[in-house]
Amino acid sequence: MLGLLVATDPAWTELATRNLPALLIDHAHCEMKAASNAMSLVARYGGLHELLSTQVVLRLSDVAQEEIEHFRLVVREIERRGEVLGPPPVDDYASDLRKGARRLAWTERSHERVLGLADRLLVGALIEARSAERFKLLASALEGDALQAFYAELFASEARHYRTFIDLANDVVGDEAVVRERLVALYEVEAGVVRDLVGRGLRPAIHG
Ligand SMILES: [Fe+2]
Ligand SMILES: [Fe+2]
C-alpha cells in the first residue's frame with residue numbers, strides 16, 4: 001500500500017486490537033508528534049523563503065491543524081474508556097527511520113539545507129504511509145466496533161498527508177525525478193526498520 005515494500009504482520013493487528021487502551025495511548029502520542037513535526041518544519045525553515053514558500057508554510061500548518069484534531073479525537077476516545085493519556089511509549093520507528101535516512105548518501109548535489117528539508121518531508125511521507133496502512137488494518141479488524149469508522153476516516157486522512165508530503169518535497173527540490181529516486185531508497189530503509197522492529201518483538205503501538 002502507498003508504495004510500502006513490507007506489509008504489516010497480521011500478528012500485529014491481532015495484538016493491537018487485543019490491547020486497544022495501550023494502542024490508543026501510543027496513537028495519541030503519534031498524532032501529537034505529527035502535529036509538532038509539521039510545525040517544527042515551519043519554525044525551522046519558515047523564515048527562509050527560498051526554501052519554504054508561503055504555500056508550503058500554509059500546507060504544513062493545515063497538516064498540523066488536522067493532526068491536532070486527530071490528537072483530540074484519540075484523547076477523547078481514551079477518556080471515554082476511562083483511561084488517561086500517560087507518558088509516551090517507546091517509539092523507535094520514527095527515530096530509526098530518520099537515522100537510516102541520514103546514513104543514506106544523496107546522489108544529487110544540491111544545497112545541504114534543501115536536501116535536509118526534503119528528507120524530513122519524505123520521511124514524514126513514509127510515516128504517514130505506514131500509519132495509513134495500519135489504520136486500514138485496524139478499520140477492517142474492528143468491524144462492528146465503534147472504532148471502525150474512526151480508523152477508516154483516519155486512514156483516508158493520513159493517506160492524503162502522505163501525498164501532501166511528497167508534493168511538498170517536489171516543491172522544495174523542484175525536480176520530481178530526484179525526489180522519486182530518493183523516495184525509492186527511503187522505502188528500502190523503511191522496510192528495513194519495520195523488519196528490524198518485528199525482530200525485536202511486536203508491540204501494541206501504531207508503529208510497534
Ligand atoms: Fe493524524
Ligand atoms: Fe498525518
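The iron ion (ligand 1) and the iron ion (ligand 2) lie 3.5 Å apart, with Glu67 coordinating both. The structure is a predicted model, in which local features require pLDDT of at least 70 and side-chain atom pairs count only at pLDDT 80 or more, while totals for chains, interfaces and linings use all residues. Residues are numbered from 1 along each chain as its sequence is written, ligands are numbered from 1 in the order in which they are written, and side-chain values use heavy atoms, with hydrogens and water left out.

The iron ion (ligand 1) is coordinated at 2.0 to 2.2 Å by Glu31 (OE), Glu67 (OE), His70 (ND1) and Glu158 (OE). Donors are N, O and S atoms within 2.8 Å of the metal (3.2 Å for Na, K and Ca); water is not among the atoms, so sites may look incomplete. The arrangement around the iron ion (ligand 1) is irregular because its four donor atoms subtend angles of 89 to 141°. Four donors count as tetrahedral if all angles lie between 85 and 135 degrees; four count as square planar and six as octahedral if opposite donors are over 155 degrees apart and all others between 65 and 115, and anything else is irregular. Along the sequence, the donor residues of this ion are spaced E-x35-E-x2-H-x87-E. Glu67 and His70 are separated by about one helical turn, because they stand three residues apart in helix 3 (residues 54-80). Helices are DSSP runs (H or I, at least four residues), numbered from the N terminus. Both Glu67 and His70 are buried, that is, under 20% relative accessible area (1.4 Å probe, protein chains only).

For the iron ion (ligand 2), the coordinating atoms are supplied by Glu67 (OE), Glu128 (OE), Glu128 (OE), Glu158 (OE) and His161 (ND1), at 2.0 to 2.4 Å. The spacing of these donors along the chain is E-x60-E-x29-E-x2-H. Glu158 and His161 are three residues apart in helix 6 (residues 147-173) and therefore about one helical turn from each other; Glu158 and His161 are also buried.

On a 1 Å grid over the protein atoms alone, a cavity is a set of points where a 1.4 Å probe fits but cannot get out, and a pocket is an open set with protein on both sides within 12 Å along at least five of seven lines; lining residues have an atom within 4 Å of a point. Grid points are joined across faces, edges and corners, and a volume is the space filled by probe spheres set on the points. Tyr93, Arg130, Arg134, Val194, Leu197, His207 and Gly208 line the cavity. Of these residues, His207 lies in the segment after helix 7 and is buried, with a relative accessible area of 7%. The side chains of His207 and Ser131 are joined by a polar contact of 3.0 Å (a pair of N or O atoms within 3.5 Å; within protein, one must be able to donate a hydrogen and the other to accept it, and residues adjacent in sequence count only if both atoms are side-chain atoms).

The largest pocket holds about 390 Å³ of space and is lined by 16 residues, of which Arg102, Leu115, Gly116, Asp119 and Arg120 lie nearest its centre. Helix 5 gives the most to this lining, with seven residues. The second largest pocket contains about 320 Å³ of space; among its 20 lining residues, Cys30, Lys33, Ala34, Arg98 and Ile127 are the closest to its centre. Helix 2 provides the largest share of that lining, six residues.

How values were computed
Helix = DSSP H or I, 4+ residues; strand = E, 2+ residues; numbered from the N terminus. Buried < 20%, exposed > 50% of the residue type's maximum accessible area, 1.4 Å probe, protein only.
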